[in-house]
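The following questions and answers are meant to be read beside a displayed protein model. Please keep the view open while reading.

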Amino acid sequence: MSSANIKKVRKKNKPKTTTSGGQLSTARRIALPRYAADGMLRNIELFFSLSDRELHEIREHIVLRDFRKNQLILREEETSDYMYIIIRGKVKISRFGKAGKETILSMHGEGDFFGELSLIDGKTAPASVVAVENSAVAIISKGHFFSLLYTQRKVLENLLRILCSRLRESWQKIAMLNFSDASQRLKMLLNILAETYGERTREGTVLHVKLIHQDMADMTGLTRETVTRAIDKLKKNGEIHILESKYIRLNPEFYSIQL
């Protein structure tokens, strides 16, 4: 999605209908205050420390767009003047090698944001962003993004903390790729996912994210077949359990057996 396309959407004063393919609609624009009233903006990590009045001011500068499952939101090496915040749904951040092999760098869900790097350093998007499921995404222009940073110290502090967290996660992923053993590499990935999606229960830590074997292969640099064998091994050892919801539970044995 290019910056020109977004500008074109924003210039429409009275969108007439709700359309697929990321088109802005009257219904969605009207729905945005409801999202804020229901605490949706406060659930966004970047804004959670703001007051109701401050959230209302941010809401006035947001455009909401819908994206269908598998729809491209942002193309790698594309120039963008916007930051994107996921209100509903999930997206994946990917890069493609010369042979067309996809490497998933990260997955983002409700409350996460992307596109801020291009706004800060002025360079093109470092990766492509695709909707994994039908998603609603709030869009903030470059001007309003910097206005927030200059006038809302809490937003700036939250942004710095989140970027530090993402940097640490990147270091973990580099360490993961250094493992030659497939099971070790997969366990490292599950450990990383547990920090973001994990919920502690009496039986173990449940990862509230659904990933198919190909997704995990794209995140670890392994083949799908290798991931399947590694998962079977972890299940046989009692380290993980696949729940009926398809979520993965990390059992106590998962942590007792060293990488």
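On a 1 Å grid over the protein atoms alone, a cavity is a set of points where a 1.4 Å probe fits but cannot get out, whereas a pocket is an open set with protein on both sides within 12 Å along at least five of seven lines; lining residues have an atom within 4 Å of a point. Grid points are joined across faces, edges and corners, and a volume is the space filled by probe spheres set on the points. The model is predicted: local features need pLDDT of at least 70, and side-chain atom pairs count only at pLDDT 80 or more, while totals for chains, interfaces and linings use all residues. Residues are numbered from 1 along each chain as its sequence is written, and side-chain values use heavy atoms, with hydrogens and water left out.

Q: What is the volume of the largest cavity?
A: A search of the whole structure finds one cavity of 30 Å³ or more. Its lining includes Leu190, Leu207, Met216 and Ile248. The volume of the largest cavity is about 60 Å³.

Q: Which helix gives the largest share of the lining of the second largest pocket?
A: The second largest pocket holds about 190 Å³ of space. Among the residues that line this pocket are Lys69, Glu102, Gln214, Asp215 and Asp218. Helices (H or I, at least four residues) and strands (E, at least two) are DSSP runs, numbered from the N terminus. The largest share of the lining, three residues, comes from helix 8.

Q: What distance does helix 9 reach from its first C-alpha to its last?
A: Helix 9 covers residues 224–236, which is 13 residues. The expected span of a helix is 1.5 Å times one less than its number of residues. Close to the expected value, helix 9 reaches 18 Å.

Q: Within what arc do the buried residues of helix 9 fall?
A: A residue is buried under 20% relative accessible area, exposed over 50%, and partly exposed in between (1.4 Å probe, protein chains only). In helix 9, Thr226, Val227, Ala230, Ile231 and Leu234 are buried. Seen down the helix axis, these buried residues line one face of helix 9, because the directions from the axis to their C-beta atoms fall within an arc of 135°.

Q: Which residues on the other side of helix 9 are exposed?
A: The buried residues of helix 9 pack against helix 7, helix 8 and strand 11, where contact means heavy atoms within 4.5 Å. On the other side of helix 9, the exposed residues are Arg229 and Lys236.

Q: What is the N to O distance in the salt bridge of Arg53 and Glu57?
A: A salt bridge is a side-chain nitrogen of Lys or Arg within 4 Å of a carboxyl oxygen of Asp or Glu. Arg53 and Glu57 both lie in helix 3, four residues apart, about one turn of the helix. Arg53 is exposed at 53% relative accessible area, and Glu57 is partly exposed at 36%. The N to O distance between their side chains is 2.8 Å.

Q: Which residue meets Glu116 in a salt bridge?
A: Glu116 is buried, at 4% relative accessibility. Glu116 lies in helix 4 and its partner in helix 6, so the pair ties together parts that are 50 residues apart in sequence. At an N to O distance of 3.1 Å, the partner is Arg166.
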